[in-house]
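Please find below a colleague's note on the structure shown here.

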Amino acid sequence: MGINDTIAAISTPPGNAGIGVVRVSGAKVPHLIKEFFNKALEPRKATLKKMRDVDGNVIDQVIVIYYQKPKSYTGEEMLEIHTHGNPIILETILTNIMKNKIRPARPGEFTEKAFLNNKIDLAQAEAVSDLISSRNLSAIKGACSSMAGVFSKKIKETEKDLLGLRASIEATINFPEDDVPEKTKPILLENLSRIKKRVEEIIITANNGIKLHGQSIYCIVGQPNTGKSSLTNLLLKNDSSIVSNIPGTTRDSIQYEVKIEGCSLMIIDTAGLRRTDSKIEKEGIKKTKEALQKANRVMYIVDDQDGFSNEDQKIIKKFGIENYDLIFNKIDITKKPSKREEGKVEKIYISVKKEDGIKYIKELIRKHNHGNSTSENMVTARTRHLEAAKNTLQSLYNTRKHLDNDELEIVAEELKSAHDQLSLITGGNNSEELLAEIFSEFCIGK
């Protein structure tokens, strides 16, 4: 299997749909067009054609689009066949294409070709996968920014500065003296400081990008019989959790995936937190503690009849609950209006029974997941990006230490290491094993 092979795959998900797409990329595309459609196609123009098999039988009436190299996604000759979305039609078309010594594409191979043909860098390629798997609108916007090269631009600008500093050091090494000239050293230190600051900003960006692409996990906790399971069911719009006025009914932590306010998030309904002699209930509370460790946000439910008590404060302290908001339930009994009080710890007053004030919880979820969605610098990132940036920063710290001691040969080596580490993010010096791992996460046909 080589980069010059012509490949083909169904690019749309399995199952019946209105439209299905078969993609082909490689040098044999013009031959395929001639064989199946009898004449050349005008590049980048959608054309209605009858798709026939190798025996001349009509398979379907299709829309075909020809992309002439290098102006295609992969940088090669490329063909897209848009059919009716019947899996049998798609498989029949793909089977007939394969008879022309064209092999099936591996997962992510179209995007891998785009990377290897210098259409995109590696960070942009990973953003394609991020876009497809994004769980909320903020992540989609971040992935689009990364695909457009916003994150890569930060990396490449810093790489350019690193190369300039390396050149200055190499030139300084050529001086006959052992020490750095007094006029040169402050300039080198200033440049080094500026690069360190840029790398620190890249680390912050990567950290935020990793969080952005992750799935939000909300843990609903509180004392027994405050309405945790009822709230869960209301958010899920079904009776998935057992609801009872008997304290301790929920004995396990139950996870649900749900879409709210354009976000795909995980909600964990937990056992009520209280002192108990029941072994089963104690096990449920243990599960709650484990759920709290996984969650990145907590909805702490309070019975508004009791208010936020000393016992609630003790529970929050005992279980180390952070990033929480207070949800006061049962305002239908206390006769309070539903409302939302913003602050570091938000307070929302609701009635699950009357479905009053639930809009405020949805607003809160939207705030948590889309709060920075207007930021132009928002991008998605991977753990490997963060690790490479941290390694770069460590090499820069080492550079400063050796520069202070006028150890220029070591300084040059540390700067080279910093540059090599940073370039890994966009695709420099990457191993075949790493590329295989990255692109194996993609869908077939992308």
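1. The structure under discussion is a predicted model. The remarks below should be read with that in mind.

2. Pairing of β1 with β2. Strand β1, residues 7-10, and strand β2, residues 17-25, run antiparallel and are joined by four bridges. Within this pairing, Val24 of β2 is the residue that stands opposite Ala8. Six residues lie between the two strands of the hairpin, and Gly15 there adopts a positive phi near 110°.

3. Pairing of β2 with β5. Strand β2 also pairs with strand β5, residues 78-85, in the antiparallel sense, and eight bridges connect them. Here Val21 is found opposite His82 of β5. Strand β2 therefore has a place in two pairings, one with β1 and one with β5.

4. Packing of α4 against α15. Helix α4 spans residues 122-133 and helix α15 spans residues 432-440; their axes are 10 Å apart and meet at an angle of about 25°. Because angles under 35 degrees count as roughly parallel, α4 and α15 are described as roughly parallel to each other. On the α4 side the contact is made by Leu122, Ala125 and Glu126, and on the α15 side by Leu435, Ile438 and Phe439. Of the residues in this contact, five are nonpolar, one is charged and none is polar.

5. The largest nonpolar core. Which residues have the most contacts inside the largest nonpolar core? They are Phe151, Leu162, Ile169, Leu396, Leu403, Leu415 and Ile425, in a core of 28 residues. Two or more residues are given to this core by each of α6 (150-173), α7 (185-213), α13 (383-404) and α14 (408-423). Helix α7 supplies the largest share, seven residues.

6. Glu441 is placed in the segment after α15. Glu441 and Ser129 are 312 residues apart in sequence, yet their C-alpha atoms are 7.7 Å apart in space.

Definitions and conventions: Residues are numbered from 1 along each chain as its sequence is written. This is a predicted model: local features need pLDDT of at least 70, side-chain atom pairs count only at pLDDT 80 or more; totals for chains, interfaces and linings use all residues. Side-chain values use heavy atoms; hydrogens and water are left out. Axes are lines fitted to C-alpha atoms, for helices over the stretch in contact, and angles run from 0 to 180 degrees between N-to-C directions. Angles under 35 degrees count as roughly parallel, over 145 as roughly antiparallel, 65 to 115 as roughly perpendicular and the rest as oblique. Contact means heavy atoms within 4.5 Å. Ala, Val, Leu, Ile, Met, Phe, Trp, Tyr, Cys and Pro count as nonpolar, Asp, Glu, Lys and Arg as charged, and the others, Gly among them, as polar. A nonpolar core is a set of buried Ala, Val, Leu, Ile, Met, Phe, Trp, Tyr and Cys residues joined through side-chain atoms within 4.5 Å. Buried means under 20% relative accessible area, exposed over 50%, partly exposed in between (1.4 Å probe, protein chains only).
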